[in-house]
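Visitor: Before we start, I would like to know what stands behind the terms used for this model.
Guide: Ask about any of them, and the value will be set against its definition.

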Amino acid sequence: MKFEKNKRGVVWAGILGLALVFCMTGLCLAGELDVFTGEKQVLRISGGTAHIPVMKAAAQKIIGFNPDIQIIIAGGGSGAGIKQVGEGLVDIGNSGRQATDAEVAKYGLKMVKWAIDGVAAVTHPQNPVKSLSSMQLQDIFSGKITSWKDVGGKEAPINVYTRDAASGTRSVFWEKALKKADITEKANVVVSNGAMKTALSNDPYSIGYVSVGFIDQGVAALVLDGVTPSMASVKSGEYTVARGLFSNTKGEAQGLAKKFMEYLLGPDGRALVLDKGFIPVN
Amino acid sequence: MVSPFWDRAFRLFAWGCSLVLMGTFLIIIGFLCIKGYTALNLRLIFGDTGFWDAVVLRRQVFDGLFPAMAGTLCLILLSVVLAVPLGLSTGIFLAEYASPRVKWFFSFVFDILAGIPSIVVGLFGFSITLFLHQSFFDRLYPCLLISALSLAFLVLPYMIRTTQMALESLPASLRLTAPSLGATQLQSIVYVLLPAALSTILSGIILSIGRCAEDTAVIMLTGAVATAGIPRSVFSSFEALPFYIYYISSQYADHSELINGYGACLVLIFICMNLFVLSHFLKKRLSQKLLFRH
Amino acid sequence: MGMKDFFLKSLFLGACLLSAGIALGILGFMVVLAYPLFAQGLFWDMLITPWSPGQGLFGVGPMITGTLCIASLAVGVSVPISFGVACFVGILHPGGKGRILKFVVEAMTSVPTVIYGFVGIFLMVPLVRELFSGGSGMCILSAGMMLGLLISPTMILFFAQSFTLVPQNHLDAADALGANTVQKFFYIVLPCAWKSMVTGLVLSFGRAMGDTLIALMIGGNAAAFPESVLDPARTLTAHIALIIAADFDSIEFKTLFVCGISLYAMTGIGVVLARGLGQRGRA
């Protein structure tokens, strides 16, 4: 009898030991993704369009690890993100501007800043005009200057593109680059950073503004008052038209949303943020 | 008297218009084919995930059309299940039971329903969702169910009109047969009239399916998003093929995504054309069979 | 048997009432949600004032103008072409050539709007931009032409159907008098069919007003009163799609219901007109 009890004990010890070994191996292999093991829920994210590439990359990694999770990502702009998370329609609402005190008070929002981003004035790559002063920029966007010739370019009309009213990118550009000057009513309205980039790269006489993380060979960033917009100049503070990328939750983040935010702020997340052209913060 | 000159001019005008129309249509299709043919492979639909992994839902597909196609399929099924019984019943009522005055009034109302722009229907669906979310159901968001309901409202007038027209255009002799044998009106409808009108009704259903597959404005407001994977339940957000095309057209991240957009256009046109051809031949073949019998 | 009959008849009646209820409910819901604007007496003003949220102006005047301009251009472009093709298919070549063309036209009706918008962005907009060196190419002209192409197949089929409404004995009489095809068309068919054709025109105008994607993708979406066909414009439908993401309690969101009511009213008037014409034509 005693022998059998011992044997049973040995067997259990062996099983436990093996299990421990498996757990340790699992931990080493999965890194930060293993917090998502066993989750079966749905995570709803919406809001700022500048955040979307990072959100999609993170979602791809997480779902690749645990296919039972469903992550839904929508755009809509910073205003939409704040509103929807406040109303409980989504779990995480992204915004490219800080939520106002009124919004925070009304919904009880908790903000987490996970990157810094710049907003650059951009044109088509084949446009000979490469730099503008603040004054010229304001005049172009308000409609006072209407031809590229007046700022050193070809004889061609300037096509102004702007964002919709819910856009955080727009409010930052309006406040810091245009110094709150009017934007002409005749400007073409596009609904996201991606849409702005598409429109600008298809129109050789265009001017618009886009998140620095979105700039690639399809558009050319304009030098503003002598400062070139780039990740470096935004980080150093030399380029002043910058904003934080926030993710807001209603109250403290819980469950899957909390794990997602922690993943974003961890080393894996920071690498993703850097890869997409933004500057990660702590 | 129409002089030979005007005669010639008129014929020229008709030919010219036809050539312009055909030419434009061919340019559009040709443009899409040229730009999109490089994208037409399994990679367009399944991205980097393998075919079997994706179809048995073992792994999720990114950068592929599969979730969008699955979403559109679920949407179509749900909307048709909601719209067909309602439309069929209403059409039967209008064709068989309604007095002329009642018929006039209701077909006026349904003409108005048919004329409502799709985005207004979408706005209605979105507002209802909001209202219900704030008042009763805290967990209700714009989702597959709401989109399917709104789409059902959109195709309802087509179903009603098709059913009504199909039943009304049946020959009078058919209507006299069953009652003369002692059947009630209901039996006459179910056993004689409906089967005779079935082909037209079926082609109407297929046209409604086509309408559901292609509509973007309604689903844009009621639950279609850019990234959601396969819909888990009727209460989840979803992707859809026409919404994917719209999304890509305004915000493609790089050239390969744009080519995928062209490929998606070709896939959508293929689906819609197939549905149209199916409905056309269904109507033609079965009505020929009908002609033979009478 | 009697119970079952009665039960199913009431079921059908119920379905009919439900469907009708939905049609009227859509309007009712929007009126209820726009009620604060009615109460403040702002509704009628909103239809004509400009849109400038920065200055507190939330009028949908520019959007109504945009809708009417783009829809009118679309119908203007579509009517001559549809007329020509309908004549080809219905009158001049009712046989082989016409049947093939008719089949192609019917197939065209199944092409989704989003495809036209997609091609519009990448083919038509650069074309318009280069040809008319003002503007970005996203303007009333591009949107109107693409929309005209969209509504043409339906209009062609409608016109072709109107041509068949002529009583056969009229045509036989004309034949007996020695008229050729074109003469028969102008003197017999057209006078009989024109009312039906106008109905088709009105319904297509309604369809053009209600289209969202083409105006959203290639119209430019500038919220200002357009001054030329090369100006970007925003339609009521595109406005709804753009502002849907705004704050629900704000006045901007309420303007969406103003847009919805206007659209409902405009297409409703179209239906009434079409029916009126249809009634008189029958008598």
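What follows is a set of questions on a predicted model, with answers.

Visitor: What makes up the pattern of chain C?
Guide: Chain C has twelve helices and two strands. Along the sequence the order is α-α-α-β-β-α-α-α-α-α-α-α-α-α.

Visitor: How many residues of chain C are called buried, and why?
Guide: Of the 283 residues in chain C, 54% are buried. They are called buried because each has 20 or more other C-beta atoms within 10 Å of its own. The C-alpha atoms of the chain fill a box of roughly 70 × 70 × 30 Å along the principal axes.

Visitor: Which share of the contacts in chain C joins residues 24 or more positions apart?
Guide: Among contacts with a separation of 6 or more, the share is 72%.

Visitor: How do you know that chain B and chain C are in contact?
Guide: The test is C-beta atoms within 7 Å. By that test, 68 residues of chain B are in contact with 65 residues of chain C. Helix H1 (residues 4–36) of chain B gives the most to the chain B side, with 16 residues.

Visitor: What classes of residue does chain B place on that side?
Guide: The side of chain B that touches chain C has 49 nonpolar, 15 polar and four charged residues.

Visitor: What makes the contact between chain A and chain B?
Guide: Here 19 residues of chain A are in contact with 18 residues of chain B. On the chain A side, helix H2 (52–65), strand S2 (70–76) and helix H7 (193–202) give two or more residues each. S2(A) gives the most, with five residues. By class, the chain A side divides into eleven nonpolar, seven polar and one charged.

Visitor: Which parts of chain A are called domains?
Guide: Domain 1 of chain A is 3–115 + 245–280, and domain 2 is 117–242. These bounds come from an automatic or database domain assignment.

Visitor: What does each domain of chain A give to the contact between them?
Guide: The contact takes 18 residues from domain 1 of chain A and 18 residues from domain 2 of chain A. On the domain 1 side, S2 and helix H3 (78–86) of chain A each supply at least two residues. H3(A) gives the most to that side, with three residues. The domain 1 side has six nonpolar, ten polar and two charged residues.

Definitions and conventions:
Residues are numbered from 1 along each chain as its sequence is written. Chains are lettered from A and ligands numbered from 1 in the order in which they are written. This is a predicted model: local features need pLDDT of at least 70, side-chain atom pairs count only at pLDDT 80 or more; totals for chains, interfaces and linings use all residues. Helices (H or I, at least four residues) and strands (E, at least two) are DSSP runs, numbered from the N terminus. A residue is buried if 20 or more other C-beta atoms lie within 10 Å of its own, exposed if 12 or fewer, and partly exposed in between; C-beta atoms are placed from the backbone. Two residues are in contact if their C-beta atoms, placed from the backbone, lie within 7 Å. Ala, Val, Leu, Ile, Met, Phe, Trp, Tyr, Cys and Pro count as nonpolar, Asp, Glu, Lys and Arg as charged, and the others, Gly among them, as polar.
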